[in-house]
Amino acid sequence: MTHLTSLLVANRGEIAVRIFRTARDLGLATVAVHSDPDADALHVRAADAAVRLPGAAPADTYLRGDLVIKAALAAGADAVHPGYGFLSENADFARQVQDSGLTWVGPPPEAIEAMASKTRAKQLMRAAGVPLLDPVDPATATPADLPLLLKAAAGGGGRGMRLVRDLDALKEALHAASAEAASAFGDGEVFAEPYVERGRHVEVQILADAHGTVWALGTRDCSLQRRHQKVIEEAPAPGLPDTLRESLHTAAVAAARAVSYRGAGTVEFLVTADGRPYFLEMNTRLQVEHPVTEAVFGLDLVALQLRVAEGAALPPAPPEPTGHAVEARLYAEDPAQDWRPQTGVLHTLDIPGRVRVDTGFADGDTVGVHYDPMLAKVVAHAPTRAEAVRALAHALAGARIHGLTTNRELLVGSLRHPEFTAAHLDTGFYERHLATLTDTAPDAGTAALAAALAEAAPAPDAPLAARLGGWRNLRSQPQTRRYTGAGTTYEVQYHPVDHPGVRVVSAERHLVTLEVDGIRRMFHVKRNASNTEVYVDSPLGSHTLTPVPRFPDPQDRTEPGSLLAPMPGTVVRVAEGLAPGSAVTAGQPLLWLEAMKMEHRILAPATGTLTALHAVTGQQVEFGALLAVVQEEPQP
């Protein structure tokens, strides 16, 4: 037996934070590594010690095995956990860790090597009797072979994958897949296999020790994917016949025994619409979606990884599973814009309810450009699938996520979609339903009204007179506020007490209660520190709104020389003798505008000639109305 005392996690983000949590529970000291952009990241703050990996790009930092090992030795760690991604399935790195005298918390390098190439892994699995899809040689592919799925021989996570439905696109797709695979994994090998329409992605979690025991910890369904990357996962995979479930367990155990596996791993299968399973790959690491298996079996897989690495034996059989668990991956991305990743400050991440939240971010952290845009994994566990799905959807719908566009609305819509609730699962779900799921954004008009009412509400510590007199508007003079959100401008004209179809129950700076069509709802309103964005969360949905300044600088809106009304008001005076053709000097008062009980002078912006005058005494003007134009005198 080896007795570990200090653990370095060769990773970042939520998985590093999650591993540190278990390590602390087991009494292990923890060591983080970090790139320069991650210097103040949550995983660094969560560790007992941290070592810098100079640089920003993964190739210069988290993929530098030599620097990671040097960091472990310098910090006094005696074990390395790779997490997932980066170096987690790199056999050479595993060997180097062991050769340095450190304990590798993972499978033997030989097992990683055997499964590292999907092409070699398929040959090995065929010899072990595991069912496979027949490969297709891209050089001799015919229309009858279509559609084809190109896949990177090394790595995973959807990188290096391309779906080909047209032979004319095959050459370019091969080049693109190979280039992406080489960039992500350092290996550009790509192979092709038949693409199964409406197939299910089903996997089996396995755990093995060094004493001959191999557990098959049930199944997971991971069929809801975007760009071949998983979005929603659940355990157990619903609707599988017992015979199919048992055959998947048997095949997964056979795959593990074929390579003398040790530790946690996952064997992935494609299940056709008629229930035929085919081996896809074996991931020789902990999976992103491992929490759903932990929830169903009541286990801590990281703790078991560490104990297996120390040489402990597993009990002969795992505990019995209970209930159902569902996980959603919350990404900083815009599904409506081709899943475009988002960067910036995450001002708020608050997910209520009895759910597990694994995240690498806290309020105020920055989501950068260098790494995967996943913000968190949210997991619900309940006695039945229906209850787990409902609990997860409810928690995500009630979440407050401010500062970045995310896929939260897509997740809620997916979890509540009739196909998903009925467990009609396949990998083409988003191909069929993405347009609908991204076209159901809740109405922003009521959110804009709530934002305006919150802004108009006096602060709790305002003088009594301000708090009592805050709503003395005349019905004939509503307030106007403008916001922009998701490319749309909203102009809200509001009275303090009533609006068409809406009754104001109460309005405070951070909470507005409205009765909308007879239904009372609460709107939580929050501004970021710079007052450049307003976040409105309610049961009707969540919105990020940008306030349009009431009285912006006119020069920000027009060409030089145009004088606009900087606010709504009344023209009370025009300079004596002023008319088109008049000579004016820079700074000369031309007009006087009364607004908010004060007079405001409108000055000539430059020395030149007045070429237009649209204002007359007594005229009521709206914000932004063109009052006059001055043509600047040419410079000598």
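I started at Pro 236, which sits in the loop between β11 (229-235) and α8 (242-258). Helices here are DSSP runs of H or I with at least four residues, strands are runs of E with at least two, and both are numbered from the N terminus. I found the peptide bond from Ala 235 to Pro 236 to be cis, with omega near -5°.

I note that this is a predicted model, where local features need pLDDT of at least 70, side-chain atom pairs count only at pLDDT 80 or more, and totals for chains, interfaces and linings use all residues. Residues are numbered from 1 along each chain as its sequence is written, and side-chain values use heavy atoms, with hydrogens and water left out.

I looked up Pro 147 next, in the loop between α6 (118-127) and β6 (148-152). A cis peptide bond links Leu 146 to Pro 147, with omega about -5°.

Then I turned to positive phi. His 228, not a glycine, has phi of about 65° and lies in the loop between β10 (214-226) and β11. Is Trp 339 buried or exposed? I found Trp 339 buried, with a relative accessible area of 8%, while His 228 is partly exposed at 26%. (Buried means under 20% relative accessible area, exposed over 50%, partly exposed in between, using a 1.4 Å probe and protein chains only.) Trp 339 has phi near 60°, in the loop between β15 (333-334) and β16 (340-341).

Last, the overall picture: I logged 16 helices and 38 strands, and 51% of the 636 residues count as buried. The C-alpha trace spans about 100 × 60 × 60 Å along its principal axes.
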